[in-house]
Amino acid sequence: MNADQLALGTMAVSPKQDAPPTLRIRAVMLGDRINPSGLEIGTVVSSTPAAFRVHAGLTVIFRYGVVVLIGLLPSEEKVLIDSLKSRVIGELSPHEEETAHAQLCKDESAEVIQPGGPICLSKFSDDRLLLIADALAKSTSLARDERRVAAVFDVIEPFARELAERGSTPRRRKDILRLIGNALLVQQRVAGRVAVAEKPDVLWEKPELDRLYARLEDEYELKERLDTLERKLKAVSETANALTDIIDTQRSLRLEIAVVVLIVIEVVIGCVQILSGTH
């Protein structure tokens with residue numbers, strides 16, 4: 001049985017007889033990382049990313065914490081997600097997730113993505129489904145990182161407002177350093193683990209599918225969202241660094257004043273001792 005036949009087994013088909021077959025595709029971010037090494041949940045379809053034929057569907061596991069479930073029943077999805085929990089590092093609660101639908105179209109030239117509609121494919125081949133899984137997984141991961149950066153902005157905004165309105169800086173240097181750490185973690189995740197800007201490995205073997213992936217990138221606005229996220233990360237880093245520099249400067253100034261005061265006190269004490277010794 002080929003991939004198309006397997007995929008067709010669990011499709012949600014419209015009641016109309018002439019309606020095109022449709023696949024439900026669900027991406028779930030379980031945590032910061034998933035270790036797929038030595039995993040045996042079905043027939044291996046791909047090693048990078050780890051993809052398996054499970055029941056009559058396809059399961060794709062990305063190391064940066066996302067699993068994509070294609071053509072599986074809800075009950076099958078739950079069992080599979082539960083089986084992966086022991087391999088998840090930094091589990092999320094609740095999980096981040098996105099859903100898409102792939103639909104058969106007449107021919108390859110008709111492979112288009114309607115805004116907000118199904119992804120139209122000429123056939124449900126493994127290569128095409130892996131491309132969709134890659135784009136949807138990156139979109140899901142970006143959604144979580146966008147929320148994390150937005151949360152950092154919410155925290156750092158009062159600090160900047162206090163500096164603008166009162167000319168004073170927050171004394172909680174640890175909080176600001178924590179913000180810098182969160183920004184660096186997101187930056188490292190986006191650039192290192194997820195590699196949003198990199199194309200999936202399947203395109204090296206199937207360059208003719210490059211157009212389909214370009215359409216997926218446009219549909220999920222991967223490049224635009226990545227650029228926006230990087231600009232926000234840069235703004236957070238620069239603002240936090242500016243605040244810590246101001247705090248450090250103020251501390252240095254206070255330290256210098258304390259040293260001068262101690263020197264003055266020492267001089268006064270010396271003068272008193274000298275004067276008392278002359279009498």
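From the N terminus on, the elements of this protein run α-β-β-β-β-β-α-β-β-α-α-α-α-α. That gives seven helices and seven strands; both are DSSP runs numbered from the N terminus, with at least four residues (H or I) for a helix and at least two (E) for a strand. Please note that the model is predicted: local features need pLDDT of at least 70, side-chain atom pairs count only at pLDDT 80 or more, and totals for chains, interfaces and linings use all residues. Residues are numbered from 1 along each chain as its sequence is written, and side-chain values use heavy atoms, with hydrogens and water left out.

Let me turn to the sheet. In which order do the strands of the open sheet lie? The order of its seven strands is 2-3-4-5-1-6-7, and the pairing is mixed; two strands pair if DSSP finds at least two bridges between them. At the edges lie strand 2 (43-46) and strand 7 (119-121), each of which pairs on one side only. On average, neighbouring strands of this sheet are turned by 30° against each other, direction ignored. Axes here are lines fitted to C-alpha atoms, for helices over the stretch in contact, and angles between N-to-C directions run from 0 to 180 degrees.

Strand 1 (residues 22-34) and strand 5 (residues 66-70) run antiparallel and are joined by five bridges. Within strand 5, Val68 is the residue that stands opposite Ala27. Helix 2 (residues 74-84) packs on the sheet, where it touches strand 1, strand 3 (50-54), strand 4 (57-62), strand 5 and strand 6 (88-104). The direction of helix 2 makes about 15° with that of strand 1. A contact means heavy atoms within 4.5 Å. Among contacts in the protein between residues at least 6 apart in sequence, 69% join residues at least 24 apart.

I come now to the charged side chains. How many salt bridges does the structure hold? There are 13 salt bridges, each being a side-chain nitrogen of Lys or Arg within 4 Å of a carboxyl oxygen of Asp or Glu. One of them joins the side chains of Glu77 and Arg26, at 2.8 Å from N to O. This pair links distant parts of the chain, since Glu77 lies in helix 2 and Arg26 in strand 1, 51 residues apart. Are these two residues buried or exposed? Both Glu77 and Arg26 are buried, which means under 20% relative accessible area, whereas exposed means over 50% and partly exposed lies in between (1.4 Å probe, protein chains only). Glu77 and Arg26 also belong to a network of salt bridges with Arg24 and Glu97.

A further salt bridge, at 2.6 Å from N to O, is formed by the side chains of Asp126 and Arg53. Arg53 counts as buried because its relative accessibility is 12%, while Asp126, at 21%, counts as partly exposed.

Finally, the surface. Of the 279 residues of the protein, 41% count as buried. Which residues make the nonpolar surface patch of about 550 Å²? The patch is made by Leu253, Ile257, Val261, Leu262, Ile265 and Ile269. Patch residues have over 30% relative accessible area and no salt bridge; like charges are joined within 9 Å, and nonpolar side chains (Val, Leu, Ile, Met, Phe, Trp, Tyr) within 5 Å. Leu253 lies in helix 7 (residues 222-278) and, at 48% relative accessibility, counts as partly exposed. Accessible areas come from the Shrake-Rupley method with a 1.4 Å probe; for residues, only the protein chains shown count as cover.
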